[in-house]
Each structure stands twice: as structure tokens, then as C-alpha cells.
Amino acid sequence: MTPSRLRRVMNIWPPFLFAGIRVLDIGADWRSARVALRLRWYNRNYVGTQFGGSLFAMTDPFWMILVMRGLGRDYIVWDKAGEIDFVAPGREAVYATFHLDDALLDEIRAATADGGKYLRWCETAVCTAGGEVVARVRKQLYVRRKPTT
């Protein structure tokens, strides 16, 4: 699947569609992604700000997908754990941007060269268009090199 096709599919995927989450871009090289969450009547919490579950959901699959595509078919990549720190109330549209660099891929390759598992935390800030941090999200990836047969 191409990045542009995945973006289109994810934008009609019910957990994103019904939360108001939009995938704006997935880089042609699978090294970046950008996601938006606009504040709507159906994704507000009790006090009228961004629902925390939607803030977390907008960041959910991207580190796993980018790392999986960056490493290739010789690796198993799963989300293992996640954490969110709510920093400020989300009273407007918010955005999350993901950038995967060669250093992270090299680190993972080195750590899994012997066939063992590797757990790695990846962080993303969820920010307003003006750069105010609304939440910080950490996702822990489980990575293992597939056994050669």
C-alpha cells in the first residue's frame, strides 16, 4: 500500500472518522506523518475541550507504522505500551507530527541484531497551530528481527 492510499484509508477508518481525526500526510518515504484533530461538538469532553481519548487515538498507530516500514519485512514491530501527559486544555484544532530518522532505525537494527527483542519509547507532542503543547504522548515499541529459516 502506498502512503497516500494508507492516508485515504485511515481517514475513513471508523476510529478516526468518528473521532474527527484526519491524517493530513504520510511521507512518500514513510519517514513522516502529520495528523489533525479539530474540536467538534462530538469530540468534546464534559468541560468542552478536546476529549483525551481522541488526543491519544490520533497518535496511536503512527510510530509503529513508520518504524515497520522503515525497517522492512525482516522485523516484527508492535505497539507495547502508551502514555499520555495532558499539559493544557485543547480548545482548538491540534496537530501531531512524527519524524523517523536514520539514527533511530540504526539503533533498532543494532539492538536486535542478535535476534532479541528491543523495547523503545518514541515521543510526540500534540500542539495547537500556534505551537502550544496540549499533550505529550509516548508510545513504546516492541521490535524483534524475524528468525531466518
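This is a predicted model: local features need pLDDT of at least 70, side-chain atom pairs count only at pLDDT 80 or more; totals for chains, interfaces and linings use all residues.

A: Residues are numbered from 1 along each chain as its sequence is written, and side-chain values use heavy atoms, with hydrogens and water left out.

Q: At what angle do α4 and α5 pack?

A: About 70°, with the axes of α4 (residues 62-71) and α5 (residues 102-111) 11 Å apart. Axes are lines fitted to C-alpha atoms, for helices over the stretch in contact, and angles run from 0 to 180 degrees between N-to-C directions. Helices are DSSP runs (H or I, at least four residues), and strands are too (E, at least two), numbered from the N terminus.

Q: Which residues make the contact?

A: On α4, W63, V67, G70 and L71; on α5, L104, L105, I108 and R109. Contact means heavy atoms within 4.5 Å.

Q: Is α4 mostly covered or mostly open, and how many of its residues are buried?

A: Mostly covered, with 8 of 10 residues buried, meaning under 20% relative accessible area (1.4 Å probe, protein chains only). Among them are F62, M64 and I65.

Q: What comes after α4?

A: G72 follows α4, and its phi is positive, near 95°.

Q: New topic: which residues line the largest pocket?

A: M68, R69, G72, R73, Y75, I76 and V77. The largest share of that lining, 3 residues, comes from β3.

Technical notes. Buried means under 20% relative accessible area, exposed over 50%, partly exposed in between (1.4 Å probe, protein chains only). On a 1 Å grid over the protein atoms alone, a cavity is a set of points where a 1.4 Å probe fits but cannot get out, and a pocket is an open set with protein on both sides within 12 Å along at least five of seven lines; lining residues have an atom within 4 Å of a point.
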